[in-house]
Structures are given as structure tokens and as C-alpha cells.
Amino acid sequence: MLGRTVRLVGAAVTGRTTVRDDQVRMGAAEIGVELGERATLVQFSSAFCQPCRATRRVLTEVAGMVDGVAHVEIDAEERLELVRRLEVQSTPTVLVLDARGTVVRRAAGQPRKVDVIAALGEAVRD
């Protein structure tokens with residue numbers, strides 16, 4: 001899985017169900033911290049996931065580059081209800097939220113830094 005290119009897309013498809021991310025909103029109560037002023041990078045991880053560590057580094061770096069962007073990591077095993085509601089199928093999964101908490105992009109697998117920056121560009125448009 002390392003080195004695999006992952007596109008950030010606008011919907012999650014699982015079997016016969018599609019969750020339209022543009023209809024999903026998350027708030028501080030769900031993710032455990034305040035949303036970023038401009039955007040929030042939400043990472044679902046698991047304890048023994050090697051790509052999760054690399055994803056954490058990328059997201060932390062990108063959040064540090066862009067003012068008003070927060071990065072929060074959620075342990076998928078501890079938040080099973082949220083994982084099921086959002087149809088997270090694997091770790092790492094990254095959700096890019098705009099300032100209102102609307103999911104504008106998602107990626108499963110280790111994202112490339114350039115893809116995260118491009119997704120943030122969409123989230124911070126206004």
C-alpha cells in the first residue's frame with residue numbers, strides 16, 4: 001500500500017450504497033476538537049497501520065503550511081459508530097472538511113501531499 005497514489009474523491013461507494021459527502025457535516029462534538037477556521041483534515045487510523053503513520057506526517061505538514069487548517073486523527077476502533085455512519089472501509093481514510101464541517105473530499109489509503117493541498121484548495125474557496 002505504501003507509495004500507492006490515491007485520488008481524493010467526492011463520494012464514498014460501498015457495495016450498493018453511496019454516501020454523498022457533500023451532504024455530510026461534522027462538528028466539534030463528533031471529531032473531539034474544534035474545526036479549523038478554514039478547513040479540517042480528519043484522519044481515521046488504526047493502531048498497527050503503517051500507512052496511517054505516513055498519512056499523519058503528510059497531513060500534519062500540510063496543516064502547518066496553511067493558516068486556519070486543523071488536522072485531527074481519530075482512532076477508528078474507538079469510534080465505530082462514526083466509522084459506520086461515514087462508511088469508512090479502511091485505514092487510513094482522510095476526510096477534508098470546509099469551515100462549516102461539510103465533507104468536500106475523501107481518500108482511502110495514503111494520500112500524496114499534492115493531492116491533499118489540491119483538496120484543501122476546494123475546501124477553503126469562498
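**The loop between α3 and β5**

Let's start with Pro-92, which sits in the loop between α3 and β5; helices (H or I, at least four residues) and strands (E, at least two) are DSSP runs, numbered from the N terminus. This is a predicted model, where local features need pLDDT of at least 70 and side-chain atom pairs count only at pLDDT 80 or more, while totals for chains, interfaces and linings use all residues. Residues are numbered from 1 along each chain as its sequence is written, and side-chain values use heavy atoms, with hydrogens and water left out.

- The peptide bond joining Thr-91 and Pro-92 is cis, with omega at about -5°.
- Glu-87 is in the loop between α3 and β5 too, and its phi is near 55°, a positive value in a residue other than glycine.
- For background, most residues other than glycine have a negative phi, and most peptide bonds are trans.
- Glu-87 counts as buried because its relative accessibility is 15% (buried means under 20% relative accessible area, exposed over 50%, partly exposed in between, with a 1.4 Å probe and protein chains only).

**The sheet and its helices**

- An open sheet is formed by 4 strands in the order β4-β3-β5-β6, with mixed pairing (two strands pair if DSSP finds at least two bridges between them).
- β4 and β6 (103-108) are at the edges with a single partner strand each, so one side of each has no neighbour in the sheet.
- Helix α2 (residues 50-65) lies across β3, β4 and β5, running at about 170° to β3 (axes are lines fitted to C-alpha atoms, for helices over the stretch in contact, and angles run from 0 to 180 degrees between N-to-C directions).
- Helix α4 (residues 113-123) lies across β3, β4, β5 and β6, at about 30° to β5.

**Core and disulfide**

- The largest nonpolar core has 15 residues, and Phe-44 is one of those with the most contacts inside it (such a core is a set of buried Ala, Val, Leu, Ile, Met, Phe, Trp, Tyr and Cys residues joined through side-chain atoms within 4.5 Å).
- Phe-44 touches residues including Cys-52, Thr-91 and Pro-92 (contact means heavy atoms within 4.5 Å).
- Cys-52 is joined to Cys-49 by a disulfide, S to S 2.3 Å (a pair of cysteine sulfur atoms within 2.5 Å), and both cysteines are buried.

Notes: Lists of a residue's contacts leave out its neighbours within four places in sequence.
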